[in-house]
Amino acid sequence: MAANGEEPNGAAERAPLDEAPQELLAAELLLRPARSANVFEETMQRLLQSVRLGLIGPGERLPAERVLATMLGVSRDTVRDAIAALTDAGYLASRRGRYGGTFVVDALPELTPVVTEEGVAPRRSVPRAELEDTLVLRAILEVGAARQAALSELTGPQRDSLWQALQECSAAEPSDYRRSDSRLHLLIAELVGSPSLVPLVADIRMRVNELLDGIPLLAPNIIHSNEQHEAIVKAILRGNPEEATRAMEEHIAGSEALLRGFLA
């Protein structure tokens with residue numbers, strides 16, 4: 001979309017992860033060197049976040065093991081073990097042949113319910129302190145990200161990528177809405193240009209999505225959310241930080257109201 005509010009010509013298509021330019025949202029934003037002693041667990045976490053948040057979408061190929069090992073700063077054995085575990089869990093699948101490799105499955109597995117002797121247990125209640133902590137942290141990170149993104153000098157590919165992410169979110173089926181929504185919010189954070197921000201936003205999005213999975217996905221709310229997304233994106237593309245801040249605050253407030261209503 002151009003600065004005057006019109007849709008940009010030729011929105012950038014997503015490039016393969018091995019070739020994606022730095023200015024476009026890609027899994028590289030989360031596939032960073034593991035720092036903790038639990039290298040295998042953190043490798044699993046980074047790969048799973050990249051898949052569940054849509055940075056590597058359904059049907060897309062993961063980078064080669066050697067590339068992942070370099071990106072994550074771990075051994076190829078660790079990468080291979082993590083991929084095997086996620087394959088067993090139903091998130092990844094291997095294909096042979098010239099165009100083979102490891103791919104994200106077309107339909108991600110549903111969250112596994114807790115089964116007890118009495119049957120399927122209800123979803124756990126969320127402590128009020130945990131809910132408030134998640135919502136406050138999300139507001140700080142995502143409102144700030146929207147403001148800073150609006151203050152940034154965006155390149156043409158960045159502007160096209162943001163508009164494309166908005167269109168994909170607006171057109172997403174309900175079953176795929178959380179992933180597309182997360183990709184849009186993560187892209188806004190990536191536009192800020194702070195390498196430390198995207199993993200923080202990814203972590204809070206995982207927490208928010210786990211909470212959202214516990215409430216109904218309402219059609220009127222999706223429509224309203226899409227309208228708010230458009231207001232946020234247009235404000236960023238116009239370079240209006242005050243408008244971007246207000247739009248993101250209103251958007252987050254709507255989610256907070258639903259979560260507090262269902263979970264508090």
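Which pattern does the protein follow, read along the sequence? The order is α-α-α-β-β-β-β-α-α-α-α-α-α, built from nine helices and four strands. Helices (H or I, at least four residues) and strands (E, at least two) are DSSP runs, numbered from the N terminus. This is a predicted model: local features need pLDDT of at least 70, side-chain atom pairs count only at pLDDT 80 or more, and totals for chains, interfaces and linings use all residues. Residues are numbered from 1 along each chain as its sequence is written, and side-chain values use heavy atoms, with hydrogens and water left out.

**Confidence**
- Mean pLDDT (the predictor's confidence in each residue, from 0 to 100) is 82 for the protein, and 79% of its residues reach 70 or more.
- Contact means heavy atoms within 4.5 Å.
- Residues 112–122 also fall below 50, with six contacts beyond near neighbours in sequence.
- Where pLDDT is low, the predicted coordinates should not be read in detail.

**Burial and contacts overall**
- Of the 264 residues, 43% count as buried. Buried means under 20% relative accessible area, exposed over 50%, and partly exposed in between (1.4 Å probe, protein chains only).
- Contacts between residues 24 or more positions apart make up 73% of those with a separation of 6 or more.

**Helices H2 and H3**
- H2 (residues 65–72) has Val67, Leu68, Ala69, Met71 and Leu72 as its buried residues.
- Gly73 follows H2 and has a positive phi, near 70°.
- Ala84 lies in H3 (residues 76–88). Its relative accessibility is 37%, so Ala84 counts as partly exposed.

**H6 against H7**
- The axes of H6 (residues 177–191) and H7 (residues 197–212) come within 10 Å and cross at roughly 155°. Axes are lines fitted to C-alpha atoms, for helices over the stretch in contact, and angles run from 0 to 180 degrees between N-to-C directions.
- H6 and H7 are therefore roughly antiparallel. Angles under 35 degrees count as roughly parallel, over 145 as roughly antiparallel, 65 to 115 as roughly perpendicular and the rest as oblique.
- The crossing is right-handed. A crossing is left-handed if the near helix is turned anticlockwise from the far one by less than a right angle, and right-handed if clockwise.
- Residues in this contact include Asp181, His185 and Leu186 of H6, and Val201, Arg205 and Leu212 of H7.

**H4 against H6**
- H4 (residues 128–151) packs on H6 at about 60°, with the axes 8 Å apart. That makes H4 oblique to H6.
- This crossing is left-handed.
- Arg138, Glu142, Ala145, Ala146 and Ala149 of H4 meet His185, Ile188, Ala189 and Leu191 of H6.

**H8 against H9**
- The axes of H8 (residues 219–238) and H9 (residues 241–263) come within 8 Å and cross at roughly 160°, so the two helices are roughly antiparallel.
- H8 passes H9 in a left-handed crossing.
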